[in-house]
Amino acid sequence: MTPPAPKWFDDGELHFSLGIEDTFVPQTREGERAIDEYELTQHYQQLETDLELVSEAGANLLRWGVPWYRVAPEPGVWDWSWVDRAIAKMGELGIRPIVDLIHYGTPLWLDQQFAHPDYALHAAEFAQRFAARYGDTVTDYTPVNEPMIHALFSGEYGYWPPYREGPDGLASIASALAEGFVLTQQAIADQLGERATFVHVDAGMRYVGDTDAPEHAATVARLRHQSYLVEDLVTGAVDDDHPLLPQLRSAGISDERLTWFRHNAVRPDVMGVNYYPLNSTEVFEAGVHHRGGFADPRPTFDAGAEGLREVLSSYSERYGAPVMLTETCVTGSVEQRISWLDRSVEAIHGLRAGGIPVVGYTWWPLFDMYEWTYRHSTGPRADHLLTMGLFDLMETPSGRLDRRRNPVADRFAELASSSTPTVRAPA
């Protein structure tokens, strides 16, 4: 029997990756605007030249998402024309994509979104059709990006559809996302067999400050377990001893459903962790209550490289898979971005030297993006610009957003070329 071919992450090297911000929340209600980062940043119009920037910056992997709501504009209708262009251009450039199948929103016609009783089946069909169409050249997939951020914004905070609130809302949305996650991974594996690689991705979340204060202790304990909830569900780790079992049962998640997760467990080939030093560590203050999220945010603390080392180490230990930093950056000046790039890459090399199997580093995003607060604003997109990228977004009189390379790209390319072998898409 022929052994399976080695995967790109089995070579012992550190692979440098980039990402193009791809948040899609197309549903609206009064006082809200749709978010489609590809539309806001004009990635739809500038697709080919944007992908050329990836090669220019020296990355050999690209985290890139599919706008499900555009690919499936109506039930049973599939429009792959724009995605066809993207995959063809990546092949031409030798870029290996790690495809984000769901980066937040659902199609407009899917009532109740993640809470729809057939959400998981629709997500799996989307995945199966994608893998059938592109599986000859695309083998690396993230079934759901940051499912716990999905669950917080859609299930606990009531900010995104279907606007559920509280711990029960979070548990119900997390369970729905996890079911779709499992069926998606199974559908792709059925289509591609051992060629398929799965990069699970969630947000690294840390909580510090007066976490033992009586008014915060129970909340912090829940949040610390909760940050792993979807990954625990999909990997079959939620058993009778799981600390969030009462919360799941309170939300109506039956023992039969939890047994289904254990019997259908899927594993990450690579465990991806998103970490932003200025945002990933929330601070609790005695006597002060914050709901969390951008409508009522808790204060944050710059935990720097120490926080990065902690979250990557914790995910490596918890899930026993190679880990990858799948998003990081700081919003700030070019000098601040370069400083974090250098410090974070140094931290990754330190972890690797210490035996933690970190296989990838991703600067996110390739070019600047627009903050999610755009959704609840009436101001122009320029009011929400986040200076995060290797390329600046520059408004022009014609309305076109030019991409201007900045010194962060030069430094990224230097680090990538000194540390990274060539990785190509499957032939």
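This is a predicted model: local features need pLDDT of at least 70, side-chain atom pairs count only at pLDDT 80 or more; totals for chains, interfaces and linings use all residues.
Residues are numbered from 1 along each chain as its sequence is written. Local features need pLDDT of at least 70, side-chain atom pairs count only at pLDDT 80 or more, totals for chains, interfaces and linings use all residues, and side-chain values use heavy atoms, with hydrogens and water left out.

Strands (E, at least two residues) and helices (H or I, at least four) are DSSP runs, numbered from the N terminus. Two strands pair if DSSP finds at least two bridges between them.

Go to strand 1 (residues 15-19) and strand 4 (residues 61-65). They pair in the parallel sense over 3 bridges. L18 has L62 in strand 4 as its bridge partner.

Contact means heavy atoms within 4.5 Å.

**V54.** Now pick V54, in helix 2 (residues 47-56). V54 has a relative accessible area of 1%, so it is buried (under 20%, 1.4 Å probe, protein chains only). Beyond neighbours within four places in sequence, V54 contacts L18, A59, L62, I95 and L366.

**Cores.** A nonpolar core joins buried Ala, Val, Leu, Ile, Met, Phe, Trp, Tyr and Cys residues through side-chain atoms within 4.5 Å. The largest has 130 residues; F130 and F412 touch the most other members. Helix 7 (residues 166-192) gives this core its largest share, 10 residues. Finish at a second, separate core of 9 residues, including W8, L61, V201 and M324.

Terms used
Buried means under 20% relative accessible area, exposed over 50%, partly exposed in between (1.4 Å probe, protein chains only).
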